[in-house]
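Visitor: I would like a close look at a single part of this assembly. Please take one ligand site and go through it in detail.

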Amino acid sequence: MALLEAKKLGISFGGLRAVDDFNISIEKGELYGLIGPNGAGKTTVFNLLTGVYKPTEGIITLDGKDITGKKTIDINQAGIARTFQNIRLFKDLSVIDNVKVGLHNHMGYSTITGILRLPKYYKVEKQMTEEAMELLKVFGLEAEADTLADNLPYGKQRKLEIARALATKPKLLLLDEPAAGMNPNETQELMDTIRFVREHFDMTILLIEHDMKLVSGICEELTVLNFGRVLCQGKTSDVLNNPEVIKAYLGE
Amino acid sequence: MSFISYLINGISLGSVYALIALGYTMVYGIAKMLNFAHGDVIMVGAFITYTMCSTMGLSPVIGVLAAVVACTLLGMAIEKVAYKPLRKATSPLAVLITAIGVSYLLQNVALLIFGANAKAFTSVVSVPALKLADGQINITGETIVTIVSCLIIMAGLMLFINKTKAGQAMLAVSEDKGAAQLMGINVDGTIALTFAIGSGLAAVAGVLLCSAYPSLTPYTGSMPGIKAFVAAVFGGIGSIPGALVGGILLGIIEIFGKAYISSQMADAIVFAVLIVVLLVRPAGLFGKNIQEKV
Amino acid sequence: MAMLEVNDIKVYYGMIQAIKGVSFHVNEGEVIALIGANGAGKTTILHTVSGLLTPKEGSITFEGQDLVKIPGHKIVSMGMAHVPEGRRVFAQLSVLQNLMMGAYTRKDKEEIAQTLETVFDRFPRLKERQNQMAGTLSGGEQQMLAMGRALMSHPKIILMDEPSMGLSPIFVNEIFDIIQEVSKSGTTVLLVEQNAKKALSIADRAYVLETGKIVLEGKASDLLNNDSIKKAYLGE
Amino acid sequence: MKKLSNKKMNKTFRDNLITYGMVIAAYVIMQILVSAGVVSSLLQGLLVPLCTYAILAVSLNLTVGILGELSLGHAGFMCIGAFTSAFFSKVMENTAMPSGLRFFVALLIGAAFAGIFGLLIGIPVLRLKGDYLAIVTLAFGEIIKNLVNILFVGLDENGFHISFTNTMDLNMAEDGQVIIKGAQGITGTPHDSNFTIGIVLLLVTLFIVLNLIHSRDGRAIMAIRDNTIAAESVGIHITKYKLMAFSISAALAGVAGVLYAHNLSTLTALPKNFGYNMSIMILVFVVLGGIGNIRGSIIASVILTLLPELLRGLNDYRMLIYSIVLIVMMLFNWAPKCIEWREKVAAGFKSKKSVKKEAE
Amino acid sequence: GNTDNGSAATGTNAATESAAASDSAASGSVFKIGGIGPTTGGAAVYGLAVQHGAEIAVEEINAAGGINGYQVEFKFQDDEADAEKSVNAYNALKDWGAQIIDGSTTSGACIAVTDKTKEDNMFQITPSGSAVECVQYDNNFRVCFSDPNQGLASAQYIGENGLAEKIAVIYDSSDVYSSGIYEKFAKEAENQPFEIVAAEAFTADNKTDFSVQLQKAKDAGADMVFLPIYYQESALILTQAAAMGYAPKWFSCDGMDGILGGVDNFDVSLTEGVMLLTPFAADATDDLTQSFVTKYKEKYGDTPNQFAADSYDAIYVIKAAIEKSGVTPDMSVSDICDAMKAAMTEITVDGLTGSGMTWTADGEANKAPKAVVIENGAYKAM
Ligand SMILES: Nc1ncnc2c1ncn2[C@@H]1O[C@H](COP(=O)(O)OP(=O)(O)OP(=O)(O)O)[C@@H](O)[C@H]1O
Ligand SMILES: Nc1ncnc2c1ncn2[C@@H]1O[C@H](COP(=O)(O)OP(=O)(O)OP(=O)(O)O)[C@@H](O)[C@H]1O
Ligand SMILES: [Mg+2]
Ligand SMILES: [Mg+2]
């Protein structure tokens, strides 16, 4: 059974049909790409999957459970985590605290414990620190653990967002243009990291990207969206050679 | 019959709130700051007219003009000295606090100059009252002038903002000062202009406020200032028609609350209605509820 | 004399020095690329040139006039336009209002209308969406709007900060085509890009920036074949 | 690598210690000076108010600095804490209850009521954003003040009587005692506050706020402040944490109210002490001291409370000078140009120092 | 600045301040009287009046050779009409070396200060603190009437003289003074032949528009409106009533005093026929009042109101009590207080606010409220 299944998703903004009859099925462990022209509705699909927008029609199931129309936090707890196209970090928190916020629902103690600093506070905080550092290491951010997130250079901010999303221990990770604003070298590095995350955390990943090198380099399957509708779906190499896709998206 | 006179009284009071709220919302909408000193600029405007007309015996026209000019300059000076240096501060609250400082400053300067005694302001309005239904219903000249001024100012502001270049520049500045400058807009000049207009309007509001409710002290502006703030929020802060409607509704609610519920709880009633409205319409009656694009 | 001359500028953010003495020049009609890694200071340089930031030291002359002494908002009417990083469209204004804002310094209504037509020709999507609030446009649409808005001032030189960021491949090509067209129509272009390969392929000359200093400059075609550039910026 | 974040732990730990240390040192120094008889009556009289305002500022900083919401109704919560606790103390005054215990219970009552109101008000209010939230908190503050002003509560052998009009409506028995008398408020509240209690309460407030900030819940609250959408996306329950911060902040304001009410023999809900003016004053402390900077809040509240008192010698010009000093301090603390200049001076100072060291 | 009388140290250094205080107490050559009231903020008009009234009295006394040969120093402190600030003001005065207090001006603030003067056993006379608790301790006295006293007297006066049948009350529900009078008035009304047909309130935050209150009074058929409030709001009410063509009889208390000269530029003809119970009238023809009003106008440019008169009297009451008890400035504050307390019940003072005023041990002044009516812009005894 597919990990994520969306059927006939649709939403409109005013008169604009932003997403229409959208279907997708992602197997566990897959690295899946969502591509398409600007304004095709890719980010909107992410917003539908994560409960930022409620779909007006269609259903979404994760691991067989219906999550359609649920709240963002419930969807996160059900196992979907994401990054944002326009980076959304907790900019006045340190890098490690950003990750610790991601761990929030997985390691805890009561408010009273926190205020009174009972022994459990120290124990759990230590565990959280350790686990957060583990994650930061994966992204090469361990040296910046105590810097404010806002002071990180752009590329590292993108990585931190991924680390934070992973901290919520998702089953499915959604990445919205992770390579935007990176130069080819940095993109190369990011590809390695994404692969590593998949292997190491046994993660299923759905990503939006315009950098074809990254898409063709790591995605196994692709869905192409155009004007809110699926234009083409299938194996990466097939999709990228589809003449319609070339015409609408890739050019020449 | 008393219902109608309550309604008219509500509109009278509300039109004064609306007039103040127009200036308030204008400054807020463009400069994105709650100018807590706005009410005190109103007081200054009223004192200037009072001095010119009641003390020096000049004609009301000169008095009002002098107040408008003086307040315009005052508004620009305040902006330059106290607000501009904080425009790039890391928190928008910083300038809110200096505005409070400026408010105290204006009150205390007025206290030293004019003393604490209330002054009975001589109305500058010579329009006769409108008497209807055998004199049972009485609409004062001040009310008529205030409402007409409100409408003219509202229309003028809307035209100015939507149709003139300077107005469009204000819209751009209110959103993104840097990008506005890249369009060739003089950001400092535009903000100064905003304060100039807002403060000039405050002078008009002060004169009409004190004409309708002729008691002038150094603290005259502070409560109407807050009420106008409430009115502006009520209507959707930053929205010019919202300020007008919000102000008038606030006046009507206040009067009806006093009349039909309890005069002791008038303040509580007004604020309770405000809360209910905002819960139903979180951006006020006319406010755009802007959803952040994710 | 060069159209734009930047002479040994030093720029600070508070105590932090972001630009540590940078000089370059742009001749009329040229396309100049400025490339460099994240945080090298490219955006800072563009902001300084267009008057959003003031250099602590150094001079910037545009057509013989010292820009440092000129108030920032006057620079546009001298013929310089800037497409800022991250688009910075006026989110709550309509597409059309945004475009008209670009023509803020211009007076002649007819000429403005003409320019608007050419912009709409170039970006048909903007014409379709002219009444939509700019904030709800997709990333690519916003990029088009930002470029269109800059063109509305009918500039002699246009500064572009990463115009291809976040755009689809077909659109990246399109944007570069547009840049070339803009250049051909007589506008000088100063281009900052992460997509160094594309940038160098359309530029005449280029400068390479590293942590606030220019480390390399030359003809774009030479740089495209420079090994260290290939390794550091072209991902080859 | 663990070292790094240990270092950070140590830094916040040290930071907090400085804050506690500063308060304790101020206490010890004042006590020594007072017993040496060199402290003016004015300053002695100000000790409890200083603690009150410091608590208010710290508690509001939790809402403004940590939760990131602008509240203009903080004085309303103080008012609730003050009135409920003073009411209790007044009722219990002539019973066998020892005064220490009575004050302790009053404290709990004041904090609890203010906290509950914070929660009740927070539920609708926190759905709003920015300035809309500010105006609604202001509205709630004013409603509280207005209602307290017309609240009459009496006690006789039949129990409590409540009215919102006047004492006659209470229909009390002859020997009944009217405890809350509308605008006249409560008079004769036992004088249970003192400097030591004030300092203890300030330390408790600091302990709660600082520990909360540096805990899991505090992180969640700050995450919401920095980016609500992102916080939701990692599974943070927005409403829960907003309400938590808001009601803790309200309860602590209630504590300040208890301290206030038991320091004066009259308690009236005037615009001056419980109106939006006071709320704004507390906000001034918070902003001047640095948003989110707890120690700064304490320092700013002390400076701004002392300032008008120290300016008494200027007579008529007192409040005028005060307002100018306030504006100048704000510019000095917040204007980017001033900050830059200060940094430069500080840097120059440092480099001189290090040059000296090298020379040695 | 008008408050430069206080010449002792006012430095900011606490230590020198208290040292200076004990210094001058030791030198013991002057009586130091401290005054408290709001000189800034919305109630500044009352505090300034109290300050100025006292200053004139002190000047006169000093010019005439002082009290028992000792000069008087007077210092006034701002309390912004706030209880906490009032205590601060009191403490500042203590540091200066004050031995006697003339204040506080407003009731709430005054009550808070009584606690402190009680602790220190310092003699305190408030010119205008009218709430019951303002004289709750044996060291507290007042010049003005108490609120219940005025409420009671007003109701009785109206009833006994058959001035009205249906009465509307407009009062300030957020003000101690106003609500205090209203309470007692309403209670007493049950025993009187008139009926209260409307009782409408306003608050400190809502005192611009009185149209509703007036409309209600009118609709209820009130032939008299009772205004237990201050003259500043009264002026607005009279103006608005005139504008709506409502002309009932008006009755008020001592807070109304000031209506004739206190509001600059006010159309005094609106006050025609207003009745009030007041102990002071600025246009009374007796020499004392005339000389006071002349001096006041000269010095401060305003017509004095009842607060100023109360405060002027308070200083003379202090003088009388000192003379009676024979205290000297070198005595301790507490000794001065004990002696003056005892003397208070024995003195009789002819002041601006009453002639032959005497005091009871519980702090209240015995003086008959004078009912006056305004005719041709002047008070006339009824
Ligand atoms: N909140 C909204 N209100 C109105 N229109 C919206 C809203 N959000 C998105 N849209 C519109 O929906 C369409 C799809 O937007 P979306 O952001 O999903 O595009 P995208 O595929 O992610 O594009 P890009 O690659 O440029 O980011 C766009 O035309 C956009 O203008
Ligand atoms: N407002 C600011 N305050 C402090 N430092 C800043 C600010 N803006 C930029 N910087 C710093 O200045 C340096 C240069 O930044 P700049 O934005 O010019 O780089 P860039 O080359 O445009 O990078 P990118 O490719 O990420 O856009 C960076 O180290 C950055 O952190
Ligand atoms: Mg997108
Ligand atoms: Mg950049």
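Visitor: By class, how many nonpolar, polar and charged residues does the shell around ligand 1 have?

Guide: The shell around ligand 1 has seven nonpolar, 12 polar and five charged residues. Here Ala, Val, Leu, Ile, Met, Phe, Trp, Tyr, Cys and Pro count as nonpolar, Asp, Glu, Lys and Arg as charged, and the others, Gly among them, as polar. First, the ground rules. This is a predicted model, in which local features need pLDDT of at least 70, side-chain atom pairs count only at pLDDT 80 or more, and totals for chains, interfaces and linings use all residues. Residues are numbered from 1 along each chain as its sequence is written, chains are lettered from A and ligands numbered from 1 in the order in which they are written, and side-chain values use heavy atoms, with hydrogens and water left out.

Now the site. Ligand 1 sits between chains A, B and C. Surrounding it are 24 residues, each with a heavy atom within 4 Å of the ligand. The closest are A:Lys42, A:Thr43, A:Thr44, A:Gln85 and C:Thr136.

Next, the polar contacts (pairs of N or O atoms within 3.5 Å). The side chain of A:His210 places an N or O atom 2.9 Å from an oxygen atom of ligand 1. For A:Glu177, the corresponding distance to a ligand 1 oxygen is 3.5 Å. Chain C takes part through C:Arg129, with a side-chain N or O atom 3.3 Å from an oxygen atom of ligand 1. On its own, ligand 1 has 640 Å² of accessible area, and the protein covers 94% of that. These areas come from the Shrake-Rupley method with a 1.4 Å probe. Helices (H or I, at least four residues) and strands (E, at least two) are DSSP runs, numbered from the N terminus.

Around it are 13 residues, and C:Asn38, C:Lys42, C:Thr43, C:Thr44 and C:Glu85 come nearest. The side chain of C:Thr44 has an N or O atom 2.4 Å from an oxygen atom of ligand 2. For C:Thr43, a polar side-chain atom lies 2.5 Å from a ligand 2 oxygen. Ligand 2 alone exposes 630 Å², of which the protein buries 63%. Helix 1 (residues 42–49) of chain C gives the largest share of that shell, three residues.

Conventions:
Polar contact = N/O pair within 3.5 Å; in protein donor to acceptor, adjacent residues only side chain to side chain.
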